[in-house]
Amino acid sequence: MSDVQTVVQTVSLDLERPLVEDGRWGHNRWHPSISPIAVIAPGERVWADVRDGLDRQITPRSTDDDILVMDMSRGHPLTGPFYVTGARPGDVLEVEIHSITDHGFGFTCVRPGAGLLRDYVTGPFLAKWNLHDGYAHSAQIPGVRIPADPFLGVVGVAPSADMLRAYAAREARLADSGGDVLAPSGVSAVPGDEWVAREGLRTVPPRETGGNMDAKHLRTGSRLLLPVQVEGALLSFGDTHYAQGHGEVCSQAIEMPATIQFSCRIRSAREDGRWKPTAPVILAAPPPRGLGSRVVTTGLPVDPSGANRQMDINVAALNALLQMQDYLVHELGFTPQQAYVISSVAVDLEILEVVNKPNVLVGASVDTAIFVGAEPGDQVSA
């Protein structure tokens, strides 16, 4: 952005304390009544600490068993909201990400019943990552190094009161028809006041106002356009990741706390002729340079019974991932749990084609340069 000024704001957190113990600078539900933690002007650069997406329930001392007692209602701890002066309903907020700095530690969990391979890979399994010199290394997955490509998993603005009710109503209808929906809940809600506990939207799904998009395009140098629904936009951040494959297939990337630097500008609704997106748009910075060739497995929409499911991307994605799982386990010697983590943090699910009916084709691709050092099958204790 051409109008960025010098750093004028800093939000420093005690990252040793989870949000549920210190909620002064954040929240874990979406609601327009949540008070802003700071007022920022367009063009100002802001530094802000961000907690990991599980609110410090996993630390360098954690074990596999700690996964079984996690309180998933604590996710995602967000830093914010920030009130952006001049932002009004109907505007578009443009958020630029200037830097994302790790704090040296990350983790990936395989939780029982979680992720795309929940029926195929058992948990619990915890990979703890040492983040150093541009790579992530884990004693639990020897022979692998994951190059840094940090990004923000959650960036969003507050819904208006009307749209909060509309989003809640459509998700309730989906739940009534058998959909997998997290309803509003006061359990571990921050802030814990009555309105947020009763009405606050959970942060797990993305919506038109942004939120948990888990798109690795949201890296340093990228810009995000968000439709504004409330005065000041009420912008929040969280769920920082060191690296992730497109799809985040085990439900986690390399999760980490971080310090971010960002700035905003406003695309005013009063400017004639400007494009006004109604859902998030990412103006993505280029990724880090690729390091090696790629192995790409593919999947067709054919279910386990052998039935052809016309253009079913979910079935095709599962089949592509199962083929990648077989490659990592039987060709390279990883355990199923190690392979599942690798797929979540380094394998990209990609739609290869959607025009050749009845079969959409989905690919799962991995950069072979991540496989280095020790033999993949070696078991190394933490």
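Predicted model: local features only at pLDDT ≥ 70, side-chain atom pairs only at ≥ 80, totals over all residues.
Val-354 sits in the loop between strand S18 (347–353) and strand S19 (361–367). Its relative accessible area is 45%, so Val-354 is partly exposed. The cut-offs explain that label: buried means under 20%, exposed means over 50%, and partly exposed lies in between.

Now turn to a pair of helices. Helix H3 covers residues 313–331, and helix H4 covers residues 336–346. The two pack with their axes 9 Å apart, at an angle of about 125°. H3 and H4 are therefore oblique to each other. An angle has to be over 145 degrees to count as roughly antiparallel, and 65 to 115 degrees counts as roughly perpendicular. The crossing of H3 and H4 is right-handed.

Next come the charged side chains. The structure holds 15 salt bridges. One of them joins the side chains of Arg-219 and Asp-149, at 2.9 Å from N to O. This pair links distant parts of the chain, 70 residues apart. Arg-219 lies in the loop between strand S12 (210–212) and strand S13 (223–227). Asp-149 lies in the loop between strand S10 (145–147) and strand S11 (151–157). Are these two partners buried or exposed? Both Arg-219 and Asp-149 are buried.

A further salt bridge brings together the side chains of Glu-171 and Arg-207, at 2.8 Å from N to O. Glu-171 belongs to helix H1 (residues 161–176), while Arg-207 is in the loop between helix H2 (194–199) and S12, so the pair ties together parts that are 36 residues apart in sequence. Look at how covered each partner is. Glu-171 has a relative accessible area of 13%, so it is buried. Arg-207 has 8% relative accessibility, so Arg-207 counts as buried too.

Arg-309 and Asp-303 give another case. They form a salt bridge in which the closest N and O atoms are 3.9 Å apart. That pair qualifies because the cut-off for a salt bridge is within 4 Å. What accessibility do the two partners have? Arg-309, at 36% relative accessibility, counts as partly exposed. Asp-303, at 16%, counts as buried.

Salt bridges can also be looked at as groups. Arg-17, Asp-22 and Arg-24 are linked in a network of salt bridges.

Definitions and conventions. Residues numbered from 1 in each chain as written. Heavy atoms only, no water. Helix = DSSP H or I, 4+ residues; strand = E, 2+ residues; numbered from the N terminus. Buried < 20%, exposed > 50% of the residue type's maximum accessible area, 1.4 Å probe, protein only. Axes fitted to C-alpha atoms, helices over the stretch in contact; angles between N-to-C directions. Parallel < 35°, antiparallel > 145°, perpendicular 65-115°, else oblique. Left-handed = near helix turned anticlockwise from the far one by under 90°.
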